[in-house]
Amino acid sequence: MIGFMHIMTLPFFACLILTGIFTYLGLHVIERGVIFVDLALAQIAALGLSFSLVLGLSIESGYSYWVSLGFAMLGAATFSLTRFKKQRIPQEVIIGITYVISAALMILVLSRSGEGDEHIKEALVGNILLVSPQEALRVFMVSLAVGVFHLIYRRNFILISQDPHEASKQGLNVRLWDFLFYASLGLVVTSAVKLAGVLLVFSFLIVPATCAILFAHSIRKRLMLGWIIGTFVSLLGMAASYYLDFPTGASVVCVFGCILVSLALVKALVGESNA
């Protein structure tokens, strides 16, 4: 038990940070119906890191971070510009295409690197077990700044996520606030994807929020439930990783999947019994 606490305390703290910010952002993503936007932004940020690597920059350097963030901001601008009042093509299609192209480009770029395969694997599953105190603090500060920003302008963000037409009637610049939402999401994703990987970041964004929506109606209750689920899954996934000797990120993702399926079955049974 002492060994588990010694090794897993910092990674668990990092997971708590991701749970805190991504559960909230995930509720917005689901309301907007753009489920894979986080996956796409994470992949775009990873593409930026791969360009940095090929250009000879260290992935640990500040330059690489800013290149990655720049790529994520371009993705945020693209997604905000491709949302229209009369959407002939669902925005999710555009997001999916962006993800696939970004993933293919990353493979092409990293094919020029001698360690390309290893970096592709790291981009997918990260290495949260080796998170440093500096990385955890950086993600915490970025998440805190984004959380405060959304708290101040929560009315605008909630209204545009739930009813963009009404927001437009009230005089809000929907395209601008869309960009601010995607930019803030991209900022957190860029900071998190290096330590957590694309798959784990996506899981933290979508699964706790989805589970919470199954059982709660108000935003406050959904947040609380999502935070509880994210914390429990993080602890369980890390225990599975430590005692069964599995990769930590993949373990947490798989536990997320098991919990989601289990809660969906519970909801179905409860629904049938109430019918």
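Reply: A cavity, in the sense used here, is a set of grid points where a 1.4 Å probe fits but cannot get out. The model to which this is applied is a predicted one. The count comes to 2 cavities of 30 Å³ or more, and the second largest cavity has a volume of about 100 Å³.

The lining of this second largest cavity is formed by Tyr24, Leu27, His28, Glu31, Ile158, Ser161, Gln162, Ile213, Ile219 and Arg222.

The description now turns to a helix. Helix α3 covers residues 62–81, which makes 20 residues. From the first C-alpha of α3 to the last, the helix reaches 29 Å, close to the 28 Å expected at 1.5 Å a residue. Its buried residues are Ser64, Tyr65, Ser68, Leu69, Ala72, Gly75, Ala76, Phe79 and Ser80. Viewed down the axis of α3, these buried residues fall within an arc of 145 degrees, so they line one face of the helix. An α-helix has 3.6 residues a turn, so residues three or four places apart point the same way. On the other side of α3, the exposed residues are Tyr63, Trp66, Leu74 and Leu81. The cover over the buried residues of α3 includes α2 (37–54), α4 (91–110), α6 (133–152) and α9 (174–215).

Threonine 98 has its place in helix α4. Threonine 98 is buried, because its relative accessible area of 18% lies under the 20% cut-off. Apart from its neighbours within four places in sequence, threonine 98 is in contact with Ile44 and Phe79. Phe79 belongs to the buried residues of α3 listed above.

Aspartate 245 is found between α10 and α11 (248–274). Its phi is near 60 degrees, a positive value in a residue other than glycine. Is aspartate 245 buried or exposed? Aspartate 245 is exposed, because its relative accessible area of 69% is over the 50% cut-off.

Key: Residues are numbered from 1 along each chain as its sequence is written. This is a predicted model: local features need pLDDT of at least 70, side-chain atom pairs count only at pLDDT 80 or more; totals for chains, interfaces and linings use all residues. Side-chain values use heavy atoms; hydrogens and water are left out. Helices (H or I, at least four residues) and strands (E, at least two) are DSSP runs, numbered from the N terminus. The expected span of a helix is 1.5 Å times one less than its number of residues. Buried means under 20% relative accessible area, exposed over 50%, partly exposed in between (1.4 Å probe, protein chains only). The arc is that of the directions from the helix axis to the C-beta atoms. Contact means heavy atoms within 4.5 Å. On a 1 Å grid over the protein atoms alone, a cavity is a set of points where a 1.4 Å probe fits but cannot get out, and a pocket is an open set with protein on both sides within 12 Å along at least five of seven lines; lining residues have an atom within 4 Å of a point. Grid points are joined across faces, edges and corners, and a volume is the space filled by probe spheres set on the points.
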